[in-house]
Amino acid sequence: MFPDTHQSFGPPCLETARLSLRPARAADAEALFAYAADPQVSRFTTWDAYSSLADAHRFLATVLDQYHNGKIGLWAIEHRATQRFIGTIGLSGEGAPGHFAHGRAELSYALAREFWNQGLISEAARAIRDFGFTHWNLNRIEAHCLVPNGASARVMEKIGMKYEGVLRQYIHVKGEFHDLKMYAILKSDWDKMQSGGAL
């Protein structure tokens, strides 16, 4: 599942039953715009729905620049059956991928709406979680979601994250302050899961 982790451009490609997780490419712009322009996709995100293809080009240019500088752990989600780019998933933190400060990273993701409710983000998140613990020596993977975003909270729960509480008025986006739910999984939690123990 985990190929060579020493490639020089972007994170390594990972495979799951239904997905290929690979570095993003400039050629992904149209597919990115197709879902990022959907206000339902951006409803609970920190970014606004894209208004033009230029928004997608700008995002991907930033990602590619960060790949070159070793500063981002972001994967494109490709649907293997259709070979379509359908979302992104990543691990971010202070420092560089593989060397995040405090052994801690934050998981984030976005998915095209037509692929919701199929367990695909949970599938991708499990692969990224496993990679983070086994190849990037993480001790803690955490994730946040806006309080009303029940679907995202369920993804976190499905991959073994524990609910740790609410961060009150933690971010200011789209003109207002928002509370965030905090979830996390520790390497020790993950080890217990691998050995068949209950969390």
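The largest nonpolar core of this predicted model has 52 residues, of which Leu 21, Ile 89, Leu 91, Leu 107 and Met 161 touch the most other members; a nonpolar core here is a set of buried Ala, Val, Leu, Ile, Met, Phe, Trp, Tyr and Cys residues joined through side-chain atoms within 4.5 Å. Buried means under 20% relative accessible area, exposed means over 50%, and partly exposed lies in between, with a 1.4 Å probe and protein chains only. Helix H3, residues 120-135, supplies the largest share of this core, with eight residues. Helices (H or I, at least four residues) and strands (E, at least two) are DSSP runs numbered from the N terminus. In soluble globular proteins, nonpolar side chains tend to be buried together.

Residues are numbered from 1 along each chain as its sequence is written. Because the model is predicted, local features need pLDDT of at least 70 and side-chain atom pairs count only at pLDDT 80 or more, whereas totals for chains, interfaces and linings use all residues, and side-chain values use heavy atoms, with hydrogens and water left out.

Asp 130 lies in helix H3 and is buried, at a relative accessible area of 16%. Ser 152, in helix H4 (residues 150-158), is buried with a relative accessible area of 9%, and, apart from neighbours within four places in sequence, Ser 152 is in contact with Tyr 109 and Cys 145.

Charged pairs come next. The whole structure contains 12 salt bridges, each defined as a side-chain nitrogen of Lys or Arg within 4 Å of a carboxyl oxygen of Asp or Glu. One of them joins Glu 123 and Arg 18 at 2.7 Å, N to O, and this pair links distant parts of the chain, since Glu 123 is in helix H3 and Arg 18 is in the loop between strand E1 (14-15) and strand E2 (19-22), 105 residues apart. Glu 123 is buried at 13% relative accessible area, whereas Arg 18, at 33%, counts as partly exposed. Another salt bridge brings the closest N and O atoms of Arg 22 and Asp 28 to 2.9 Å; Arg 22 is buried at 5%, and Asp 28 is buried at 6%.

Strands E7 (residues 162-173) and E8 (residues 176-186) run antiparallel and are joined by eight bridges; two strands pair if DSSP finds at least two bridges between them. Within this pairing, Val 166 stands opposite Lys 181 in E8. The hairpin of E7 and E8 has two residues between the strands, and Lys 174 takes a positive phi near 55° there.

Taken as a whole, the protein has five helices and eight strands, and 46% of its 199 residues count as buried. Residues 24 or more positions apart account for 60% of the contacts with a separation of 6 or more. The radius of gyration is 16 Å, which agrees with the value near 16 Å for a compact globule of 199 residues; this radius is taken over C-alpha atoms, and the globule rule is 2.2 Å times the number of residues to the power 0.38.

Definitions and conventions. Contact = heavy atoms within 4.5 Å.
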